[in-house]
Amino acid sequence: MQKTFIKYTFFILTAAILMILSINFIFTLYTLESQQFTTFQAKIGQVIHTLENNQEELSLLRENLDVDYLTRAKAAAYVLDREEEISMDVSEMQYLANLLNVDELHVIDENGIIVYASVPQYVGIDMADHKQTRAFLALLESEDENAYLIQDAQPNAAEGKIMQYVGVSRKLHKGVIQVGFEPKRQLEAQSRNTYDYIFSKFPTDVGEELYAVDCETKEIVGHSQGMEKDFTAECYRLDCLEECTEGSYQKGADGKSVYVVSRKYGNIMICATLPKHIMFGKLLGNVINTLIYLLFVEAAVIVLLNYLVKKKVINGIHAINEKLSLITDGNFDTMVEVGGNREFEELSNGINTMVKSIVNMSDRISAIIEMSGIPLAAFEYQKEVKHVFVTTGLMELLGISNQKAVELYSNSLLFDRYIQKIMKNPVEGEEDVYRINDSKYVRIHMSVFSEGYLGVITDATRDIMEKKQMQYENTHDYLTGLYKYPHFKQLAEEIIKKMSDGKVCAVVMLDLDYFKGINDTFGHDVGDRYLQSFSSVMKSMPQDHFLTARRSGDEFCMMIFDCENKDEIVAYMNRFYEALHKNIIEVSDSESRTINASGGFAWTRDSEMNVNELLNQADEALYAVKKDIKGKYAEYEGNRLD
């Protein structure tokens, strides 16, 4: 009930929020371009204001410096005019220049020739030879004894370096006194008054560009991101920018639309642009912020309504749900006792009756299974139910302890993992039979449905053990426990076929020497122990390289496999015979013997080799040993020819 109420409340509030967002979106969209136009106009106005301030500062600086430079030039003229005889010593001119804090000091005679200078190479320059110096000749022609000339900073005639020169007429002698200054402060102030410099220092938002276009040359004269960009896009063309004085969209450098606002200042068009997707991103940000505020209000309203409904209605229902959760988890002895009103009491009684019926049904099924005498157990796994319904006997069939059973039955997830783990060990050749351990096997039948599955487990240990025993007896010799000869040949043939390139294998035929005498002298029981002792030596060899079998009577065979070469086979043969010689068997109370055996082996690296042919070759080698030197082993002659 509470969730239903909250759900419908949520739907209503969400619909209201969407309506508010729609209205906000339409209104913001309508005012977005207007706001951006106002912002750009303000920024362009700040740029123009900065330019005007810088120009005023530069003019004031020039005016102050011109007065200062003229004063120093007049001071130099005053000093030099009062010298009765002017020395041509450059060092004295440099001293006077340093004293007056000027970079250069020149004396020009009535002929327009520099006769004295603080820079040695300037002495002798004719002022009439260059446009820059020629301007000072007007002072020689002037009748005004206070005449002066202040030249703007420009490259000088002698070296081409930027200098500003000031000249004054001499009063006591015909001529001109000229002082020169390196205009560092003026140049620095001029550099700060360029559009490129102002734009580079002007704060811009993400994606925003500021730039200026010369209306005469139609070229970009400054850009907030430097002058290395490609300025061929529409938003940089003067004819397009003239349409943007009230704001307009143009194509940007990447072909995407940008919003442009332009404003003419003298012969310069100052522009500001912002990509359309960024500008509308601001709209999205506004909508998201509004959404967050509205969601907060919605959450507060829902929390308040939830509290009121819970306090007045839901507490009783929650109490019943808690009891039902305990029952679902397998606590079937839980009693639901919720009062407060007649409906809750009736619901509690109904739940208690239903749980009791379920428990009784499970007990009845278990009793029926026990009465049948069949080692069988059943279980039900449901994904959404924590407890697993099982009948008695499941714990014994699975071979688990009481503690483990309680843990599995009370946690359906663990129970499912345990069953799936068992079913990962199916018995080969058997249907629905799985290995619990080496001495326990079960048969599991399951019916799977969407919510889980039903399962029946029966004990299959006896059937499987009987089959294993039968299989063992069919493939192993009863006396020695070695493979029987036919099974040995089958396994050997498989090993040869699977042999890797570069590997070799060998079959060995063995025959016990003087075994008949052992049987005749000490009896068949000793003979059997003799055979068993010999087979124990065979079994002691490395299982990853040896396959052993009893052929018949006192005849045995081995296969040595997965070797690198014949020398490794020979090493294993020597190892076998060393172990055989160390193996001593008591044949009577007073006599012990070592077992003598003759052997012959044939080897191959051919994976297509027939095992019968290889056995026949080993037989030939054994025959040769038995004929000549018993108690040893020999290699098949055909192998040695290879």
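Modeller: A residue counts as buried under 20% relative accessible area, exposed over 50% and partly exposed in between, with a 1.4 Å probe and protein chains only. The model is predicted, so local features need pLDDT of at least 70 and side-chain atom pairs count only at pLDDT 80 or more, while totals for chains, interfaces and linings use all residues. Residues are numbered from 1 along each chain as its sequence is written, and side-chain values use heavy atoms, leaving out hydrogens and water.

Colleague: What percentage of the 642 residues in the chain is buried?

Modeller: The chain contains 19 helices and 24 strands, which are DSSP runs (helices H or I, at least four residues; strands E, at least two) numbered from the N terminus. Its accessible surface comes to about 36800 Å², with carbon and sulfur atoms contributing 53%. Of the 642 residues, the buried ones make up 41%.

Colleague: Which residues have the most contacts inside the largest nonpolar core?

Modeller: Such a core joins buried Ala, Val, Leu, Ile, Met, Phe, Trp, Tyr and Cys residues through side-chain atoms within 4.5 Å, and the largest one has 33 residues. At least two residues of this core come from each of β18 (504–512), α15 (515–522), α16 (524–539), β20 (555–563), α17 (566–582) and β23 (597–604). Apart from it lies another core of 23 residues, including Phe-488 and Tyr-636. In the largest core, the residues with the most contacts are Leu-510, Leu-512, Phe-534 and Phe-576.

Colleague: What is the relative accessible area of Glu-466?

Modeller: Glu-466 forms a salt bridge (a side-chain nitrogen of Lys or Arg within 4 Å of a carboxyl oxygen of Asp or Glu) with Arg-462, the closest N and O atoms being 3.3 Å apart. Because the two are four residues apart in helix α13 (residues 461–475), about one helical turn separates them. Arg-462 is exposed at 66% relative accessibility, whereas Glu-466 is partly exposed, its relative accessible area being 43%.

Colleague: How many residues apart in sequence are the parts that Glu-564 and Lys-503 tie together?

Modeller: Lys-503 meets Asp-562 in a salt bridge at 3.6 Å, N to O, and Asp-562 is partly exposed, with a relative accessible area of 39%. The side chain of Lys-503 also meets that of Glu-564, at 2.5 Å, N to O. Glu-564 lies in the loop between β20 and α17 while Lys-503 lies in the loop between α14 and β18, so the parts this pair ties together are apart in sequence by 61 residues.

Colleague: Which cysteine sulfur is nearest to that of Cys-235?

Modeller: A disulfide is a covalent bond between the sulfur atoms of two cysteines, taken here as a pair of sulfur atoms within 2.5 Å. The search of the whole structure finds zero disulfides. Cys-235 counts as buried, at 2% relative accessibility, and the nearest cysteine sulfur is 8.8 Å away, that of Cys-271.

Colleague: Where is Ser-224 placed, and which residues does Ser-224 touch, not counting residues up to four places away in sequence?

Modeller: Ser-224 is placed in the loop between β8 (220–223) and α7 (238–241). Ser-224 is buried, with a relative accessible area of 15%. Taking contact as heavy atoms within 4.5 Å, and not counting residues up to four places away in sequence, Ser-224 touches Phe-199, Ser-200, Thr-204, Glu-208, Glu-209 and Leu-210.

Note on methods:
Areas by Shrake-Rupley, 256 points an atom, 1.4 Å probe, with all protein chains shown as cover.
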